[in-house]
Amino acid sequence: MESITGYFTGKAKEPEGKIEFWNNPERSGWLMKQGEFIKTWRRRWFVLKQGRIFWFKEQQITPYSKSRGVIPVSSCLTVKGAEDVLNKQFAFELSTNRDTMYFIADTDKEKEDWINAIGRSIVRHSRSVTDEEVLDYDSKRAS
């Protein structure tokens with residue numbers, strides 16, 4: 001079994017070909033993330049689709065694009081603001097039971113939109129939540 005670090009670094013074997021990440025994503029946009037070894041901040045194009053967060057060097061992605069990494073949302077426990085942790089504006093963090101990954105959005109609205117989209121995806125793809133519970137949660141929020 002591969003560790004979640006493999007997902008964070010893009011080294012995990014994940015069936016990217018089965019997810020049309022280039023077509024109608026749940027959310028996409030530019031975010032800054034730290035490199036795995038050299039901890040500089042790099043701007044990457046992120047795509048949230050079908051319980052996976054992919055990232056790419058370029059915004060123009062096609063069926064032939066190769067992601068630089070992928071995170072399975074089902075392994076994520078929390079997503080929340082992290083300005084105080086990083087001392088950087090528009091920062092947020094995504095945590096699993098093993099790792100925490102940090103991101104920086106361009107605006108506060110972008111940060112909040114990513115946190116909300118990832119949070120909804122965590123609930124939707126959580127292994128401990130049934131489909132009925134997700135539907136009940138969504139219908140209660142709408143009322």
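Mentor: One cut-off is needed at the outset: a residue counts as exposed when its relative accessible area is over 50%, as buried when it is under 20%, and as partly exposed in between. Please also keep in mind that the model is predicted.

Trainee: Then is Lys109 buried or exposed?

Mentor: Lys109 has a relative accessible area of 58%, so Lys109 is exposed.

Trainee: And which residue forms a salt bridge with Lys109?

Mentor: The partner is Asp113, and the closest N and O atoms of the pair are 2.7 Å apart. Both residues belong to helix H3, and because they are four residues apart, about one helical turn separates them. An α-helix has 3.6 residues a turn, so residues three or four places apart point the same way. Asp113 has a relative accessible area of 23%, so Asp113 is partly exposed. The pair is also part of a network, in which salt bridges with shared partners join Arg27, Lys109, Glu110 and Asp113.

Trainee: How many salt bridges are there in the whole structure?

Mentor: A search of the whole structure finds nine. One of them pairs Lys111 with Glu83, with the closest N and O atoms 2.7 Å apart. Lys111 is in helix H3 and Glu83 in helix H2, so this pair links distant parts of the chain, 28 residues apart. With a relative accessible area of 6%, Lys111 is buried, while Glu83, at 27%, is partly exposed.

Trainee: Which residue forms a salt bridge with Glu93?

Mentor: Lys80 does, with 4.0 Å between the closest N and O atoms. Here strand E6 supplies Glu93 and strand E5 supplies Lys80, and the two distant parts of the chain are 13 residues apart. Glu93 counts as buried because its relative accessibility is 8%, whereas Lys80, at 45%, counts as partly exposed.

Trainee: Back to the helix. What are the buried residues of H3?

Mentor: They are Lys111, Trp114, Ile115, Ala117, Ile118, Ser121 and Ile122. Their cover includes strands E1 (27–34), E2, E3, E5 (78–81) and E6, together with helix H2 (83–86). The length of H3 agrees with expectation: at 1.5 Å a residue, its 18 residues should span 26 Å, and its end C-alpha atoms are 26 Å apart.

Trainee: What is Phe92 in contact with, leaving aside its neighbours within four places in sequence?

Mentor: Its contacts include Leu31, Val79, Gly81, Met101, Phe103, Lys111, Trp114 and Ile118.

Trainee: On to the rings, then. How many aromatic pairs are there?

Mentor: The count comes to seven. In one, the ring centres of Phe46 and Phe103 are 5.3 Å apart and the planes stand at 90 degrees, so the pair is edge-to-face. Because Phe46 lies in strand E2 and Phe103 in strand E7, the pair ties together parts that are 57 residues apart in sequence. Both Phe46 and Phe103 are buried. The rings of Phe92 and Phe103 have centres 5.2 Å apart and planes at 25 degrees, so that pair is stacked. Phe92 in strand E6 and Phe103 in strand E7 are eleven residues apart, and the pair links distant parts of the chain.

Trainee: Which residues form an aromatic cluster?

Mentor: Phe21, Trp22, Phe54 and Phe56 form one. There is also a charge over a ring: the charged end of Arg27 sits over Trp114, 5.2 Å from the ring centre.

Trainee: One last topic: where is Arg43 found?

Mentor: Arg43 is in strand E2, and its relative accessibility of 36% means that it counts as partly exposed. Apart from neighbours within four places in sequence, Arg43 is in contact with Trp30, Leu31, Met32 and Asp106.

Notes:
Residues are numbered from 1 along each chain as its sequence is written. This is a predicted model: local features need pLDDT of at least 70, side-chain atom pairs count only at pLDDT 80 or more; totals for chains, interfaces and linings use all residues. Side-chain values use heavy atoms; hydrogens and water are left out. Contact means heavy atoms within 4.5 Å. The expected span of a helix is 1.5 Å times one less than its number of residues. Buried means under 20% relative accessible area, exposed over 50%, partly exposed in between (1.4 Å probe, protein chains only). Rings of Phe, Tyr and Trp (its six-membered ring) pair if their centres lie within 6.5 Å; planes under 30 degrees apart count as stacked, over 60 as edge-to-face and the rest as tilted. A charge sits over a ring if NZ of Lys or CZ of Arg is within 6 Å of the ring centre and within 35 degrees of the ring normal. A salt bridge is a side-chain nitrogen of Lys or Arg within 4 Å of a carboxyl oxygen of Asp or Glu.
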